[in-house]
Every structure is written in structure tokens, then in C-alpha cells.
Amino acid sequence: MMKVKGFVKTSQPSQLVNGGTNGSSVSNFVDHDIIGDNHVATSVDTPLRDDAFMKSDEQKMAVIEDKFRDIMNALGLDLNDDSLKGTPGRVAKMYVKEIFNGLHPENKPKISVFENKFQYGEMLVEKNINLNSTCEHHFLPIVGKAHVAYVSSGQVIGLSKINRIVDYFARRPQVQERLTVQIASELKRILKTDDVAVLIDAKHMCVSSRGIEDESSSTVTAEYGGIFKQQDRKDEFLKYISLGK
């Protein structure tokens, strides 16, 4: 599997009962329905093949358009209808150019750091960042808010860049736990500090629109590094993100 800047090495194939790997039909260790329904991640990384970026965006859209047309035909939809005949192309463009454009490292936001000339030594909190992602198990939306904090080690970044980092990692098939860790890891790398906290509160359409069909629940995940592992600083962060609610 590949390593690309902004990604981490992916997990190895599961061992199967017949001594094979993922090409076999029965696994000792992986029940895919159980993994999907319980929203379990197999890795802290985004699983990508080595040839993930061999095709251009246009080539990918052509393949997706063709395959999605097959899905619509299998469902019995009339693709000659004026409302439906453009749908395969629209879906293909949406997948590649919009909701999954965070898969390609070329779309990673360019982040500049600046000297902390104000000598601001307390935590900076950016809260209520809009988050739109996609569950990798059912390809349904994950919608919520991200809250991010850091304490400068001498460098700062523009506030909007925090939003862009959140959006970049959200725009790929995701598991919320992985998304939380990826955002925190990227901020630690850019700011050269472990003093970073990330909390995400989101609703999963794969919970509300299928399966248990629970529309009221949301999922909260958090990643705390450096001083945010101290209970008093963690409590301070949680107090800040609750202000104005």
C-alpha cells in the first residue's frame, strides 16, 4: 500500500482461513457487515491503493459515470427521463471534484506559519467549524461541527487555515475517529507542537436514515495532545467550546 504526504501507512490484508488474503470469500477476522454497522475503522489511515492517482480526474469521472449508470439501471430507473439522464455525470463530478477531493494530496491546503509576535501564550480555540464528510461504510453523509485548539510553540497559522485543514480531511470516505486523529496530527506537524486538541460532534446518516434509524443521537470524538492531556486544560477547552450554546 502507498504512503502519500498527508496519509499514513495503511493496514495489512487480513489473514483468511484458507491461507489466502483479501481475495478469498471467508475470513477468520473480518466480518464486513459487523465492521460497517459498528462504524469500526481498520486503520488510522485512509486506505488507498498504490495506483490511486494513476488516472486523471476526468478519467475517474468517466468510469464513475459509467458505473453509476449501471447502478441506476439495476434499480429500474428510466435514464431517458429528463430529470435522471444527467444524474450519473453529476454524481461522478460530485465524487471526484467535491465530496471526495480530499483524497488527492494535490488538493491539500497550502499552509503558511507566522511568528507569534504577540507572544500570546494561552490556547487559541476555533469552534463550530462546519464539517461535511462521508461514512466509508455506507457512503452516507456525516454532518456536524469540529472544535480545534492549540497553544503556540512560537508559530501560528491563519484562522481560516484551520477550517481548511478540517475540510480537507473530511472530504474523503471517513470514520469519525480517524478523521479526528488526522486533523490533530496535521496541526501538530504544521505548528511543531503536541499542544493540540480536536473535538468533533457529528450526526451520521447511516445511523439516522437506515439501520436503527435514530435521528436524535450524535457521535463525539476527541484527540488531546501535550498540555491538553492535563485535566485543567482539557476542562478549559471544553468550557470555551460550550460558550454561547
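The legends below describe close-up views of a predicted model of one protein chain.

**Figure 1. The whole chain and the confidence of the prediction.** The chain holds seven helices and seven strands, and, read from the N terminus, its elements follow the order α-α-α-β-β-β-β-α-β-α-β-α-β-α. Of the 245 residues in the chain, 36% are buried. When contacts between residues at least 6 apart in sequence are considered, 67% of them join residues at least 24 apart. The mean pLDDT of the chain is 87, with 82% of its residues at 70 or more. Residues 1-29, however, have a pLDDT below 50, although this stretch makes 58 contacts in the model beyond near neighbours in sequence. Where pLDDT is low, the predicted coordinates should not be read in detail.

**Figure 2. The crossing of helices α2 and α3.** Two packed helices are described by the angle between their axes and the distance between the axes. For helix α2, which spans residues 57-74, and helix α3, which spans residues 87-99, the axes come within 8 Å and cross at roughly 135°. An angle over 145 degrees would count as roughly antiparallel, and 65 to 115 as roughly perpendicular; α2 and α3 are therefore oblique to each other. The crossing of α2 with α3 is right-handed. On the α2 side, the residues that meet α3 are Asp57, Glu58, Lys60, Met61, Ile64, Glu65, Phe68, Arg69 and Met72. Their counterparts in α3 are Thr87, Pro88, Gly89, Val91, Ala92, Lys93, Tyr95, Val96 and Lys97. By class, this contact of α2 with α3 comprises nine nonpolar, two polar and seven charged residues.

**Figure 3. The crossing of helices α4 and α5.** Helix α4 (residues 159-170) and helix α5 (residues 176-191) have axes that come within 10 Å and cross at roughly 135°, and α4 and α5 are therefore oblique to each other. The crossing of α4 and α5 is right-handed. From α4, the contact is made by Ile165, Val166, Phe169 and Ala170, and from α5 by Leu179, Gln182, Ile183, Glu186, Leu187 and Ile190. Sorted by class, the residues in the contact of α4 with α5 are eight nonpolar, one polar and one charged.

**Figure 4. Gln119 and Tyr120 in the loop between β1 and β2.** Gln119 lies in the loop that runs between β1 (113-115) and β2 (124-135), and Tyr120 is likewise found in the loop between β1 and β2. Most residues other than glycine have a negative phi, and most peptide bonds are trans. Gln119 has a positive phi of about 55° although it is not a glycine. With a relative accessible area of 63%, Gln119 is exposed, while Tyr120, with a relative accessible area of 43%, is partly exposed. The C-alpha atom of Tyr120 is separated by 9.7 Å from that of Val156, a residue 36 places away along the chain.

**Figure 5. Asn128 within strand β2.** Asn128 belongs to strand β2 and has a phi near 60°, which is a positive value in a residue other than glycine. Apart from neighbours within four places in sequence, Asn128 is in contact with Lys145, Ala146 and His147. Asn128 and Val148, which are 20 residues apart in sequence, lie 8.8 Å apart in space from C-alpha to C-alpha.

**Figure 6. Ser216 in the loop between α6 and β7.** Ser216 is placed in the loop between α6 (205-208) and β7 (219-224). The relative accessible area of Ser216 is 64%, and because a value over 50% counts as exposed, Ser216 is exposed. Along the chain Ser216 and Lys203 are 13 residues apart, and their C-alpha atoms are separated by 8.5 Å.

Methods
Residues numbered from 1 in each chain as written. Predicted model: local features only at pLDDT ≥ 70, side-chain atom pairs only at ≥ 80, totals over all residues. Heavy atoms only, no water. Helix = DSSP H or I, 4+ residues; strand = E, 2+ residues; numbered from the N terminus. Buried < 20%, exposed > 50% of the residue type's maximum accessible area, 1.4 Å probe, protein only. Axes fitted to C-alpha atoms, helices over the stretch in contact; angles between N-to-C directions. Parallel < 35°, antiparallel > 145°, perpendicular 65-115°, else oblique. Left-handed = near helix turned anticlockwise from the far one by under 90°. Contact = heavy atoms within 4.5 Å. Nonpolar A, V, L, I, M, F, W, Y, C, P; charged D, E, K, R; others polar. pLDDT = per-residue confidence, 0-100.
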